[in-house]
Amino acid sequence: MIVDLQPLHLSNEFVTLHPLKAEDFEQLYKVACDPLIWEQHPNKNRYQKEVFQTFFEGAIKSQGAFIVFDTQTNEPIGSSRFYAHDAVNKIIEIGYTFLARDHWGTTYNKALKTLMLNHAFTFVNAVNFYIGAVNIRSQKSIVRFGAKKMGEIEMEYYGETSKLNYIYQLDKTTWLKKQQ
């Protein structure tokens, strides 16, 4: 089975995802330059252009990253990506997600993750999320989706230093039950 980690069209009434391209840098950086977006992330200085450039390069190299648009306004509001697809064990990771602050506490994160999870569960049985130990917002959010904390790991991000992350996993059966 050929898996498309960057389908050309994932969309719902709230968000539209397009495969991230090099020419998206400036418009995505306009969202990412807000320091408060990164305050709970392991790498708090991603709002700095040169640091974000490294993050962006990793996103492009992942071949699973998206730029996220608000469906109603067609304005960029963030990014997320699929990565580390393990075809043998039928697991993939979703992460590196960020959204503009004016889209926090709304239905946008849920809409984004729902699109990505529905797509992922067409070819995997579990999705892992690596969330920074200090990123309480994201930890609470992913638990609401039904993910369970599986452990802790020190991990390096592309071009960045190692940080403590918590590993959460959501299996297909749990996800499908929550959708009923």
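## Salt bridges

Glu-39 is partly exposed, with a relative accessible area of 40% (buried means under 20%, exposed over 50% and partly exposed in between, using a 1.4 Å probe and protein chains only). Glu-39 forms a salt bridge with Arg-137, the closest N and O atoms being 3.8 Å apart (a salt bridge is a side-chain nitrogen of Lys or Arg within 4 Å of a carboxyl oxygen of Asp or Glu). This pair links distant parts of the chain, 98 residues apart: Glu-39 in the loop between H1 and H2, and Arg-137 in helix H4 (residues 136–144). Arg-137 is also partly exposed, at 31%. The model is predicted, with local features requiring pLDDT of at least 70 and side-chain atom pairs pLDDT 80 or more, whereas totals for chains, interfaces and linings use all residues. Residues are numbered from 1 along each chain as its sequence is written, and side-chain values use heavy atoms, leaving out hydrogens and water.

The whole structure contains 4 salt bridges. Among them is the contact between the side chains of Glu-26 and Lys-49, at 3.2 Å from N to O. Glu-26 lies in helix H1 and Lys-49 in helix H2, so this pair ties together parts that are 23 residues apart in sequence. Glu-26 is partly exposed at 43% relative accessibility, and Lys-49 is partly exposed at 37%. The side chains of Lys-149 and Glu-152 also meet in a salt bridge, at 3.4 Å.

## The sheet

An open sheet of 8 strands has mixed pairing and the order E1-E2-E3-E4-E5-E6-E8-E7. Strands E1 (10–11) and E7 (148–156) stand at the edges with a single partner strand each, so one side of each is left without a neighbour in the sheet. Strands (E, at least two residues) and helices (H or I, at least four) are DSSP runs numbered from the N terminus, and two strands pair if DSSP finds at least two bridges between them. E1 and strand E2 (residues 15–19) run antiparallel and are joined by 2 bridges; the bridge partner of Ser-11 in E2 is Thr-16.

## Helix H1

In helix H1 (residues 25–32), Phe-25, Leu-28, Tyr-29, Val-31 and Ala-32 are buried. These residues cover an arc of only 155 degrees around the axis, which puts them on the same side of H1 (the arc is that of the directions from the helix axis to the C-beta atoms). What covers them includes H2, E3, E4 and E5, where contact means heavy atoms within 4.5 Å.
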